[in-house]
Amino acid sequence: LKQTATTTSSSSVDDGETPALLHRSLVTRPHLVDHADGSYLYLADGRPILDACGGAAVAVIGHGNAEVIASTAAQMQRTSYIHTGAYTTTAAEDLAKFILECGTSVDGNDSYLAHGLTRAFFVGSGSEANESAMKIARQYFFERGELQRQHYISRRQAYHGNTFGSMSVSSVLGRRVPYEDVLLPNVSFVNPAFEYHYRHNNEAEEEYAERLIHELEVHFLEIGPEKIISFIVEPVVGATSGCVTAPKGYFSGVRSLCDKYGILLHFDEVMCGMGRTGSYFAFEQEDGGVLPDIVTIGKGLGGGYVPLAAMLVNDRIVNTLRQGTSVFNHGHTFQAHPTACSAALAVQKIIRREGLVSRCADLGTKFGQRLRTEFGSCKYVGDVRGRGLFWALEFVKDKKTKIPFEASVGFGAQIHQLAFDLGVAVYPCVGTVDGVVGDHILLAPPFNISDDEVDIIISTLWRAYH
Ligand code: PLP
């Protein structure tokens with residue numbers, strides 16, 4: 001591998017042209033996509049790219065689904081827009097009901113309101129969903145007269161979004177730097193649950209979980225538990241550190257601690273939710289099912305056909321607001337947009353009808369086994385981890401010490417580029433997070449990816465690596 005990643009691609013927007021769109025990079029150009037179909041993107045120069053990461057774990061049923069397109073068009077013909085201050089639509093109401101019904105309850109019944117989540121609030125992005133969640137959590141305590149609750153706790157190496165509030169609870173340093181002085185001051189971070197890097201050599205999984213819970217309690221007490229609004233955490237950490245699952249006992253310990261101190265538990269499932277890990281909500285698999293007070297979802301909700309995300313809250317919050325001002329004073333012009341809700345409902349109905357969450361679990365197990373077999377013993381692959389169709393390979397310079405490559409090497413970024421040049425897109429690693437970890441690639445293909453396409457992903461990655 002080279003010292004710095006290079007690109008051999010020729011499908012970028014013409015370099016001679018001044019772009020009107022403000023791209024993330026003002027120097028390099030993104031690839032121009034002509035169209036997409038199934039699991040493939042087709043670039044303007046004709047090259048097919050097998051999208052092994054569904055964009056950013058978004059394209060859960062692939063592209064170009066005729067049923068989704070038809071029902072979305074029908075909704076646009078019926079009602080293109082309403083203002084939610086005074087109106088609602090069946091598209092939004094039906095989607096809310098559908099999502100709240102998703103999943104298997106802790107006692108095994110596939111029942112309505114299985115997880116105690118009783119209301120959904122639809123917005124356009126995961127960041128907005130987390131922003132809404134941070135605000136409703138604060139309002140919950142405001143209505144209860146607990147005005148001293150002003151503090152949010154999140155975890156290191158976490159990403160919860162790009163708006164000021166959601167970025168304030170994210171510890172992705174690279175993104176924070178220019179804004180550091182204007183982010184929310186009343187936020188603190190605890191250690192993530194990340195066995196590969198932080199579990200001690202002779203520490204059992206449960207002991208590691210207990211250590212983390214102890215650390216969390218110490219932190220709560222340092223801040224003053226009566227001042228804390230919520231603990232925000234991804235059940236399976238996505239982009240920042242690459243499909244990191246928690247040790248057994250961690251989430252039940254977190255729930256107990258939050259209950260002990262009256263702190264709200266907010267699961268950010270924007271990336272890992274909506275079936276991605278093999279259950280509708282990732283939290284269903286934690287310690288027999290640990291229930292949060294707030295869940296945020298996004299990405300797979302609309303499957304990329306529309307921009308849509310949501311905040312789901314339980315009755316504890318709904319009833320408190322109802323007995324208080326009865327208003328959630330947080331609205332967006334385009335919230336619960338009928339076109340978006342209708343498209344997302346079509347996507348979700350397909351997922352349910354075709355049993356794609358179970359397929360994600362079954363195929364995911366096989367996919368993970370194959371990744372482990374093919375790459376587990378490779379010299380620079382430190383860890384192969386994941387759940388469902390949500391897998392990461394983490395690259396290290398030395399497997400024994402787990403020391404990462406220097407940022408200038410960008411091993412994961414180079415694998416990403418090499419695989420792309422061979423026709424497969426993997427999620428580009430974020431780079432080193434908190435100066436410690438993050439040199440990985442992430443795989444999150446559509447739930448209905450074919451077996452042949454899985455073979456192509458594995459064999460292409462193999463060629464890219466070697
Ligand atoms: N939360 C998590 C866990 C995410 O992975 C992301 C996006 O990657 C977000 C929040 C922000 O979502 P969005 O980019 O839709 O604003």
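By class, the shell around the ligand holds six nonpolar, nine polar and two charged residues, where Ala, Val, Leu, Ile, Met, Phe, Trp, Tyr, Cys and Pro count as nonpolar, Asp, Glu, Lys and Arg as charged, and the others, Gly among them, as polar. This is a predicted model, in which local features need pLDDT of at least 70 and side-chain atom pairs count only at pLDDT 80 or more, while totals for chains, interfaces and linings use all residues. Residues are numbered from 1 along each chain as its sequence is written.

**Around the ligand**
- Of the 17 residues around the ligand, those that come nearest are Ser125, Gly126, Ser127, Val270 and Met271; a residue is near a molecule if its C-beta atom, placed from the backbone, lies within 6 Å of it.
- Helix α4 (residues 126-143) gives the largest share of this shell, with three residues.

**The chain as a whole**
- The protein chain has 14 helices and 16 strands, which are DSSP runs numbered from the N terminus (H or I and at least four residues for helices, E and at least two for strands).
- With a radius of gyration of 22 Å, close to the 23 Å that the globule rule gives for 466 residues, the protein chain is as compact as a globular protein of that length; the radius is taken over C-alpha atoms, and the rule is 2.2 Å times the number of residues to the power 0.38.
- Taken along the principal axes, the box filled by the C-alpha atoms of the protein chain is roughly 60 × 60 × 45 Å.

**Helices α4 and α10**
- The axes of α4 and helix α10 (residues 315-323) cross at roughly 50° and come within 9 Å; axes are lines fitted to C-alpha atoms, for helices over the stretch in contact, and angles run from 0 to 180 degrees between N-to-C directions.
- α4 and α10 are therefore oblique to each other, given that angles under 35 degrees count as roughly parallel, over 145 as roughly antiparallel, 65 to 115 as roughly perpendicular and the rest as oblique.
- In α4, Ile136, Gln139, Tyr140 and Glu143 meet Ile317, Thr320 and Leu321 in α10, residues being in contact if their C-beta atoms, placed from the backbone, lie within 7 Å.
- The contact of α4 with α10 has four nonpolar, two polar and one charged residues.

**Helices α8 and α9**
- Helix α8 (residues 205-223) packs against helix α9 (residues 250-261) at an angle of about 25°, their axes lying 9 Å apart.
- That angle makes α8 roughly parallel to α9.
- Ala209, Leu212, Ile213, Leu216, Glu217 and Phe220 in α8 meet Tyr250, Gly253, Val254, Leu257 and Tyr261 in α9, and the residues of this contact divide into nine nonpolar, one polar and one charged.

**Helices α3 and α11**
- Helix α3 (residues 90-101) and helix α11 (residues 338-353) have axes that come within 8 Å and cross at roughly 40°, and the two helices are therefore oblique to each other.

How values were computed:
Two residues are in contact if their C-beta atoms, placed from the backbone, lie within 7 Å.
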